[in-house]
Amino acid sequence: MAAAASVYMYQMIANGFDISLPATHASGVVFSSPHSGRHYPEEFVQASRLDRQALRASEDVLVDELFAGAPAAGAPLIAARLPRAWLDLNRSPRELDPALVDGISAHGLNQRVAAGLGVVPRVVAEGAAIYDGKISLAEAEARIAGFHVPYHEALDELLRAARGRTGRALLYDCHSMPAEALRAAPRIRGRSPDIVLGDRFGASAHRSTVAETQEAFERAGFVVGRNTPFAGGYITQRYGRPARGIEAVQIEINRALYLDAARLEPLPSFGALRERIDSVIRDLIKAMPAPGTLAAE
C-alpha cells in the first residue's frame, strides 16, 4: 500500500470533491465520477423527509473506488464527495425545478426536470420525494456556486491541461446503473450488457475512440452496449467536442456486478471487478498519445 500511495502528487479535498493526480501523466485521459459522493451533510439529512439510506438511492455507489486505480496507471481522477441527491453535477446549472425551487418559471421544462431530476433534485432515483416543501432560490444558487461551479472549473482545467500535454484529451465520465434500467437495452448474445458506453450517438467522441473503448472492456470479459438506455448526460454534452480536441465517453456499469442493491454494500465480487476495471483503465490509457506526442489529427 505504501508504494501505491506514493503515486499521488497530492489529493485535494475541497468544495465537495477530490482530485487525485498521478506522479507521471501517461496520456491525455481524465476520469470523472460525479455521482459517487457519499458525504451527506447532517443539515441536509435533517431537512429531508428521507433517511440517509433512502437518500442513497441516487448514489453511484463505490464507482469512485472502482476507478481508483486511474492515478496509479497515469491518469487523473476527479470524484464528488457530496451526494447527487443534494446537487447533481451531471445536470446543467440552469435546470432548476419550479416544483422545488421558489421563484422559478415552469416555462420550457425538459423531461428530466419535470420528473424531479433537475440540478437540485426533488426526488431520489426511485421517485421518493426528498423534501416536504420547497427550497429558496438563494439556497439552490448557493449549492450551484459552492459545488457545481468549482467541480466543473476543476474538470475543465484537467481536460485543458491534458490537451495541452498531448494535443488531445479524452474524458471518461463514470457511472453505475441499476439492473432494472437494462430492461430497455438490446440483448447482446442473449445477455444484458455489463457496460453501456454513451457518446451521444457519435456527437461527443470519434467513432474510433468508442470502438477502442469497447474493445478494452470486451478484452476484460465485459458485455458492452452503446447509447441505450444511457447515451450521456450534461457532462458528456458539455465537454465532448471532438473537433476541438476534447472527447467524452460516458461509462455505465451494471450494479448487479458488484453491489447488494438492497443494502447498498459491495458484493464479494467487488475486488475481482475492480481488478478487471484496472486492466481496462491501463488499456484505455495506452490507447491515447503519450505526453509530449502531439496527436496528428
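Which helix or strand gives the largest share of the lining of the largest cavity? That share, 3 residues, comes from H8, and the rest of this briefing walks through the strands and spaces around it. This is a predicted model, where local features need pLDDT of at least 70 and side-chain atom pairs count only at pLDDT 80 or more, while totals for chains, interfaces and linings use all residues. Residues are numbered from 1 along each chain as its sequence is written, and side-chain values use heavy atoms, with hydrogens and water left out. Helices (H or I, at least four residues) and strands (E, at least two) are DSSP runs, numbered from the N terminus.

**Strand S5**

- Let's start with S5, residues 169–177: 9 of its 9 residues are buried, so the strand is largely enclosed by the rest of the structure. Buried here means under 20% relative accessible area, with exposed over 50% and partly exposed in between (1.4 Å probe, protein chains only).
- In a regular strand, side chains alternate between the two faces of the sheet.
- Ala169, Leu171, Asp173, His175 and Met177 point one way from S5, while Leu170, Tyr172, Cys174 and Ser176 point the other way.
- S5 pairs with strand S3 (residues 29–33) in the parallel sense, over 4 bridges; two strands pair if DSSP finds at least two bridges between them. In this pairing, valine 29 sits opposite leucine 170.

**Strand S8**

- S8 (246–254) runs parallel to S5, and 9 bridges join the two.
- Strand S6 (residues 195–198) is joined to S8 by 4 bridges and runs antiparallel to it. Leucine 197 stands opposite isoleucine 251 there.

**The cavity**

- The structure holds 1 cavity of 30 Å³ or more, and the largest cavity has a volume of about 30 Å³.
- How are such spaces found? On a 1 Å grid over the protein atoms alone, a cavity is a set of points where a 1.4 Å probe fits but cannot get out; a pocket is an open set with protein on both sides within 12 Å along at least five of seven lines; and lining residues have an atom within 4 Å of a point.
- Grid points are joined across faces, edges and corners, and a volume is the space filled by probe spheres set on the points.
- Leu170, Tyr172, Thr209, Glu212, Thr213, Leu284, Ala287 and Met288 line the largest cavity. S5 and helix H8 (207–219) are the elements that give two or more residues to this lining.
- By type, the cavity lining splits into 5 nonpolar, 2 polar and 1 charged. Ala, Val, Leu, Ile, Met, Phe, Trp, Tyr, Cys and Pro count as nonpolar, Asp, Glu, Lys and Arg as charged, and the others, Gly among them, as polar.

**The pocket**

- The largest pocket has about 1,100 Å³ of space.
- Its lining has 47 residues, and Arg84, Ala125, Pro178, Phe230 and Arg255 lie nearest its centre.
- S5 gives the largest share of the pocket lining, 3 residues.
- The pocket lining divides into 20 nonpolar, 13 polar and 14 charged residues.

**Arginine 255**

- Arginine 255 is in the loop between S8 and strand S9 (259–260).
- This arginine counts as buried, at 14% relative accessibility.
- Leaving aside neighbours within four places in sequence, arginine 255 is in contact (heavy atoms within 4.5 Å) with Ala57, Glu59, Asp60, Ser176, Met177 and Pro178.

- Alanine 75 lies in the loop between helix H5 (70–73) and strand S4 (77–80), and is buried with a relative accessible area of 0%.
- Not counting residues up to four places away in sequence, alanine 75 touches Ser20, Pro22, Val29, Phe31, Ala70 and Ile285.
- Ile285 is one of the buried residues of H10, and so is Leu284, which also lines the largest cavity.
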